[in-house]
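Please go through the structure below with the text that follows.

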Amino acid sequence: MLNEKYQMLLDQYDICVNRLKRGRGGILCFTNCEVYALAQTSFSEERLHSVSEWTKMLRTAGFPCTDQYILNKNGYFLSYDKYYESFAMRKTFSGSDCDIHSLRDLKAAASILGRLHKSSADLSFSSDNLRKYTSIYKHYQHKYSETKSIGRFIRGKKNKGAFEYQFMEHFPEFQKQMEMALEFLYRFVPSTAGWCHGAYNHHNIIMTDSGPSIIHFEHFFYGYPILDLYYFLRKVLEKNDYRFPYCETILRSYAKEFPLSLQDFRCLYGLLLFPEKFWKISNQYMSHKKHWVSPRYINKLEEFTLSKELRTIFLEKYVQIYNVF
């Protein structure tokens with residue numbers, strides 16, 4: 001059944017597949033010595049071309065641990081099934097996702113992120129559809145404004161439910177954290193600008209027999225590499241109850257490859273202080289129908305608010321260890 005569904009797509013590529021296996025978001029296609037990932041995509045032909053050129057450039061610069069989009073028989077990155085839904089194929093790696101609870105895996109993942117930033121630091125790349133991230137402060141100021149707007153909406157709503165009451169209970173505290181975070185992000189700009197992966201999380205790190213490899217560069221951009229580090233660190237901390245050894249392991253391993261300045265540690269504190277998950281959940285709430293709030297959003301908000309004490313303890317220790325003030 002799996003073969004029948006994807007046969008039309010596989011016929012569009014010049015590879016001989018021996019075995020198929022369900023993978024995250026698509027299927028894995030095994031040849032005699034290589035593995036490919038075929039999945040539906042919303043990215044344009046132009047964007048995939050840019051991603052392909054970028055990963056080729058990384059390989060040329062001595063960073064081979066990346067996946068690679070491949071062309072079909074017609075010379076395009078996009079292929080279509082009988083419903084005209086778009087798919088793309090990547091040459092990828094055999095292995096498992098980085099274990100977000102394993103210090104060993106996280107150490108390796110942080111180290112290879114530092115190597116990625118080091119390898120790409122001097123690369124020059126241009127594309128019409130490539131975005132640039134020019135100001136961390138402005139980006140988070142926009143998120144702060146959105147959250148305040150959501151607060152005004154909820155405050156004026158007549159028929160409040162569990163989500164709205166929970167939001168209003170914790171909003172003053174998180175608003176204060178946002179304002180303090182913005183002060184830091186305004187004062188402390190990262191010491192280094194450069195290329196970013198754009199979606200660096202445990203699902204995009206494959207642990208292979210020869211070490212970790214990085215996949216899914218579709219969101220790569222030019223900005224501040226510390227944003228990759230922050231995004232990865234925040235996800236790890238949320239999944240591990242803000243235990244400080246996870247932070248130490250990641251920052252130490254990363255800094256061995258790509259050194260961090262005091263300015264960077266201070267900027268990172270501002271990012272970690274900003275309650276981004278609170279903004280994210282609130283934004284998801286506003287994006288959907290307000291007359292019925294999914295229990296999923298209520299549970300997510302409750303989980304985040306229940307962890308605020310652990311998060312506060314972590315932030316206090318971060319200030320002490322890294323001499324933030």
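**Cavities, a helix pair and an aromatic pair**

The second largest cavity has a volume of about 50 Å³. The model is predicted, with local features requiring pLDDT of at least 70 and side-chain atom pairs counted only at pLDDT 80 or more, while totals for chains, interfaces and linings use all residues. Residues are numbered from 1 along each chain as its sequence is written, and side-chain values use heavy atoms, with hydrogens and water left out.

A cavity here is a set of points, on a 1 Å grid over the protein atoms alone, where a 1.4 Å probe fits but cannot get out; lining residues have an atom within 4 Å of a point. Grid points are joined across faces, edges and corners, and a volume is the space filled by probe spheres set on the points. Around the second largest cavity, the lining consists of Ser191, Thr192, Pro225, Ile226, Tyr254, Phe258, Pro259, Leu260 and Asp264. Six of these residues are nonpolar, two polar and one charged (Ala, Val, Leu, Ile, Met, Phe, Trp, Tyr, Cys and Pro count as nonpolar, Asp, Glu, Lys and Arg as charged, and the others, Gly among them, as polar).

In total there are three cavities of 30 Å³ or more. The largest cavity holds about 100 Å³ of space. It is lined by 14 residues, of which Arg234, Glu238, Tyr242, Leu272 and Arg311 are the closest to its centre. Two or more lining residues come from each of helix 6, helix 8 (262-273), helix 9 (276-287) and helix 11 (308-321); helices (H or I, at least four residues) and strands (E, at least two) are DSSP runs, numbered from the N terminus. Helix 6 gives the largest share, four residues. The lining of the largest cavity has nine nonpolar and five charged residues, and no polar ones.

Helix 6 (residues 226-239) also packs against helix 3 (residues 103-120), at an angle of about 170 degrees and with the axes 11 Å apart. Axes are lines fitted to C-alpha atoms, for helices over the stretch in contact, and angles run from 0 to 180 degrees between N-to-C directions. The two helices are therefore roughly antiparallel (an angle over 145 degrees). Leu106, Ala109, Ala110, Leu113 and His117 of helix 3 meet Asp228, Leu229, Phe232 and Val236 of helix 6, where contact means heavy atoms within 4.5 Å. Seven of the contact residues are nonpolar, one is polar and one is charged.

The model has 29 aromatic pairs, counted where rings of Phe, Tyr and Trp (its six-membered ring) have centres within 6.5 Å. One of them joins Trp54 and Trp195, 4.7 Å centre to centre, with 40 degrees between the planes. This pair is tilted, as planes under 30 degrees apart count as stacked, over 60 as edge-to-face and the rest as tilted. Trp54 lies in helix 2 (residues 45-60) and Trp195 in strand 8 (residues 194-196), so the pair ties together parts 141 residues apart in sequence.

Conventions
Angles under 35 degrees count as roughly parallel, over 145 as roughly antiparallel, 65 to 115 as roughly perpendicular and the rest as oblique. On a 1 Å grid over the protein atoms alone, a cavity is a set of points where a 1.4 Å probe fits but cannot get out, and a pocket is an open set with protein on both sides within 12 Å along at least five of seven lines; lining residues have an atom within 4 Å of a point.
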